[in-house]
Amino acid sequence: MSEDHPRDRFDLVPDAAAETAFLDAWARGRLHHAWLLCGVEGVGKATFAYRAARRLLGAAADPARGPLGARRDDPASRLISAQAHPDLLVLERLVDGGKTKKSISVDQSRELPEFFSKSSSQARHRVAIIDAADDLNVNAANALLKVLEEPPERGVLFLVSHAPGRLLATIRSRCRRLSFPIWTPDRLETLVRDRTGAEAEDAAHAAVMAGGSPGAALALASGSTFEMDQLARRWVGGDIDRAEALAVADRFRGAEGQERFEALMERLIAAVKMRALEGAGGHRWADLWERLQPLPERAAGLNLDRGDVLAGALADIRRVQAQHQRMG
């Protein structure tokens, strides 16, 4: 079983304090109908939601896996991992033609009232997870608000949010908030080494670059993300080979190319930011970081040639490198 998706993660405890607070409310009969899970992307909010859902839907507890730990072989756990539990509804951006849609639609949100109007099939509760609430379009958010205004009996709703300030105030006010703190570099480094077997230097780098996010740290230490991060660091460090850059840009065609482009630009922008924080010439790198940040979204919105956008970013990096050398 893959553990790439939060529904399949059993051994990662995002935040023990949050899990204890949830269990305490449940034990005292004060289980709120809506929980707003807040924190940086990749910190474990969705993982928490699925961990709580397993227990609410009857999976046997496994304390060895943390306060909300559940047995992996429990029938409820198996149904959730198979996306087949009748008492769980998950709203997330749909994939159409291999491309992930930009938002969660109003039609998806309208599934909530019908779902919560039905009696539970196998458990005491019915659970819905919105991952992420930030992806709701305006009409979808308003449809969700109607559900929050009339709390469903024995229904529990988890809203994952990376930027809660962008949500409607009326949605935030109707939820109990759980905040997930960023992880320390030491904790992230240990996680990366334990989960990926990365060398100490690579694990330490991933921990620093991840911004406190375990999901980001694991991605940085494995697979194509690791390769892109190494490439971005090398380019920002001054080793930009034109032929290599052209070869990379050649892989930006099609839907998969869009994902590659966005992933590489994310790592390139992160590498520039790290250079800005290092000190020497920091203000020049900081200015460049601000200029590069909107590029991926602008490229998608205006349908710009991705290779040209990368070439322009690399030209800007070369100029800053030259300025840094001239200034000594």
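Which exposed residues does the face of H8 turned away from its buried side carry? Keep that in mind as we walk through this predicted model, in which local features need pLDDT of at least 70, side-chain atom pairs count only at pLDDT 80 or more, and totals for chains, interfaces and linings use all residues. Residues are numbered from 1 along each chain as its sequence is written, and side-chain values use heavy atoms, with hydrogens and water left out.

**Stop one: helix H8**

Select residues 185–196, which form helix H8. Helices here are DSSP runs of H or I with at least four residues, strands are runs of E with at least two, and both are numbered from the N terminus.

Now show the side chains of Leu188, Leu191 and Val192, the buried residues of H8. Buried means under 20% relative accessible area, exposed means over 50%, and partly exposed is in between, with a 1.4 Å probe and protein chains only. Look down the axis of H8: its buried residues fall within an arc of 95°, so they line one face of the helix. The arc is taken from the directions from the helix axis to the C-beta atoms. An α-helix has 3.6 residues a turn, so residues three or four places apart point the same way.

Here is the reply to the opening question: Asp186 and Asp194 are the exposed residues on the face turned away from the buried side of H8. Just after H8, click on Gly197, which takes a positive phi of about 70°.

**Stop two: helix H9**

What covers the buried residues of H8? The cover includes H9 and helix H10 (214–220). Select H9, residues 200–209, and colour Ala203, His205, Ala206, Ala207 and Met209, which are buried. The buried residues of H9 pack against H8, H10, H11 and helix H13 (254–277), where contact means heavy atoms within 4.5 Å. Just after H9, Gly211 has a positive phi of about 65°.

**Stop three: the cavity and Phe226**

Next, select Asp202, His205, Ala206, Leu220, Ala221, Phe226 and Asp229, the lining of the largest cavity. A cavity is a set of points on a 1 Å grid over the protein atoms alone where a 1.4 Å probe fits but cannot get out; a pocket is an open set with protein on both sides within 12 Å along at least five of seven lines, and lining residues have an atom within 4 Å of a point. The structure holds one cavity of 30 Å³ or more, and the largest holds about 30 Å³ of space. Grid points are joined across faces, edges and corners, and a volume is the space filled by probe spheres set on the points. H9 gives the most to this cavity's lining, with three residues.

Centre the view on Phe226, in helix H11. Phe226 is buried, at 19% relative accessible area. Beyond its neighbours within four places in sequence, Phe226 is in contact with Asp202, Ala219, Leu220 and Ala221.

**Stop four: the second largest pocket**

Finally, select Gln83, Leu88, Leu89, Val90 and Leu91, which lie nearest the centre of the second largest pocket, among its 15 lining residues. About 300 Å³ of space lies in this pocket. Strand E2 (88–91) gives the most to the lining, with four residues.

Conventions
The expected span of a helix is 1.5 Å times one less than its number of residues.
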